[in-house]
Amino acid sequence: MNPYIEILRPGNALMGAISIILVALIDKTISIPVILAMIAVFFETSAGNVINDYFDYKIDLINKPERPIPSGRISLKNGRNYGYSLFAAGTVCGFLISYITNNWIPFGIVLFADIILYLYAYTLKTTPLIGNLTVGFMTGFGFVFGGFSINNPNIIITSLFLGFFAFVMTTAREIVKDIEDIEGDKTDGAKTLPILIGEKKPAILAAILIIIDSALCPLLYYYHIFGILYLVVIAFAVMLFIYSAILILKSQKREIAAKVSKNLKIGMLIAFVAFIFGSLI
Ligand SMILES: CC(C)=CCC/C(C)=C/CC/C(C)=C/CC/C(C)=C/COC[C@H](O)COP(=O)(O)O
Ligand SMILES: CC(C)=CCC/C(C)=C/CC/C(C)=C/CC/C(C)=C/COP(=O)(O)OP(=O)(O)O
Ligand SMILES: [Mg+2]
């Protein structure tokens, strides 16, 4: 794959863009602001990933040497400038949404995302739990950004609901990823939770977050945000989430953490499908 595409982590960027569609599906609208919001989140998620790899150069030489920057396929300078360009493109999209809708909250949200995603990569990532909460919050905030871009009060409230679930599950996955990356993070002096208090307690915290999200997700049906098909499909995601929670409680070995991280990502994708089916029936 072209390194300038690979470094975007296009799968994640697409997931971020799809989170906007999921909100728009509930409102059953597709508009220029919605399309611009999808593009904005794609660019902001991509920018966050690129600037993250720029600052993670030393860690990734150990943890992920095959990535574009540590492998030398993209120079540090080009990686930095590429990240800045993506932030600029996302910001322009945010400005256009606000200009079209005459509502300056979306533009404000994108400017906030520019700052937070840069700060995460530059420093927040190495602070215990704050880094995990930052990524979780920004992931959930993508849904809220979609709600404000549609600018319908009912949808804004629903987007907050969806954002909460994304926030909790992504935070849990970030903690699991820190357990997986503990060796590389140690070389960079990162103060992640597993480095500070060992792997067991972070594993318990991640499992609690996963179980909370899984226990509360039927509320999206109970409050009529999604129809009955949502319940049928989300059941498969919940089974995978619960299985992941049990796995990480039983063992915090790197390969188990990697497997749990992958399972949680798959569960998130199944949750996306549940949201889509739940919006239709
Ligand atoms: C129980 C329930 C309803 C859960 C909902 C979970 C849900 C829908 C989560 C949404 C996640 C989302 C919108 C992700 C978008 C982009 C993304 C993957 C953001 C976080 O990525 C950061 C991560 O560290 C990237 O690492 P990797 O995936 O290993 O490249
Ligand atoms: C609210 C708006 C306008 C956009 C939201 C944009 C979204 C969805 C952001 C989600 C959070 C995100 C993509 C963060 C990027 C930084 C990142 C890749 C975090 C994980 O990096 P590390 O902790 O270094 O782990 P790895 O690099 O090993 O994956
Ligand atoms: Mg990184």
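Author: Let us start with F241, which is buried, its relative accessible area being 6%; buried means under 20% relative accessible area, exposed over 50%, and partly exposed in between, with a 1.4 Å probe and protein chains only. This is a predicted model, in which local features need pLDDT of at least 70 and side-chain atom pairs count only at pLDDT 80 or more, while totals for chains, interfaces and linings use all residues. Residues are numbered from 1 along each chain as its sequence is written, chains are lettered from A and ligands numbered from 1 in the order in which they are written, and side-chain values use heavy atoms, with hydrogens and water left out.

Reader: Which helix holds F241, and how far is its C-alpha from that of I210?

Author: F241 is found in helix 13, residues 228–250, where helices (H or I, at least four residues) and strands (E, at least two) are DSSP runs numbered from the N terminus. The C-alpha atoms of F241 and I210 are separated by 6.4 Å, although the two residues are 31 apart along the chain.

Reader: OK, and which residues of helix 11 are buried?

Author: In helix 11 the buried residues are P202, A203, A206, A207, L209, I210, D213 and S214. Seen down the axis of helix 11, these buried residues fall within an arc of 160°, so they line one face of the helix; the arc is that of the directions from the helix axis to the C-beta atoms. K201 and A215, on the other side of helix 11, are exposed.

Reader: Why would residues a few places apart point the same way?

Author: An α-helix has 3.6 residues a turn, so residues three or four places apart point the same way.

Reader: And what does helix 11 span, end to end?

Author: Helix 11 covers residues 200–216, which is 17 residues, and it reaches 24 Å from its first C-alpha to its last, close to the 24 Å expected at 1.5 Å a residue. The expected span is 1.5 Å times one less than the number of residues in the helix.

Reader: Changing topic, how do helix 7 and helix 8 cross?

Author: Helix 7 (residues 130–150) and helix 8 (residues 153–180) have axes that come within 7 Å and cross at roughly 160°. That makes helix 7 roughly antiparallel to helix 8. Axes here are lines fitted to C-alpha atoms, for helices over the stretch in contact, with angles running from 0 to 180 degrees between N-to-C directions; angles under 35 degrees count as roughly parallel, over 145 as roughly antiparallel, 65 to 115 as roughly perpendicular, and the rest as oblique.

Reader: Is that crossing left-handed or right-handed, and what kinds of residues make the contact?

Author: Helix 7 passes helix 8 in a right-handed crossing. The residues of the contact between helix 7 and helix 8 divide into 14 nonpolar, nine polar and two charged. For handedness, a crossing is left-handed if the near helix is turned anticlockwise from the far one by less than a right angle, and right-handed if clockwise. As for the classes, Ala, Val, Leu, Ile, Met, Phe, Trp, Tyr, Cys and Pro count as nonpolar, Asp, Glu, Lys and Arg as charged, and the others, Gly among them, as polar.

Reader: What about helix 6 against helix 7?

Author: Helix 6 (residues 105–122) packs with helix 7 at an angle of about 165°, their axes being 11 Å apart. Helix 6 and helix 7 are therefore roughly antiparallel to each other, and helix 6 passes helix 7 in a left-handed crossing.

Reader: And where does helix 2 come in, relative to helix 7?

Author: The axes of helix 2 (residues 10–27) and helix 7 come within 8 Å and cross at roughly 45°. That makes helix 2 oblique to helix 7, and helix 2 passes helix 7 in a right-handed crossing. D27 has its place in helix 2 and is buried, with a relative accessible area of 19%. D27 and I150 are 123 residues apart in sequence and 8.3 Å apart in space, C-alpha to C-alpha.
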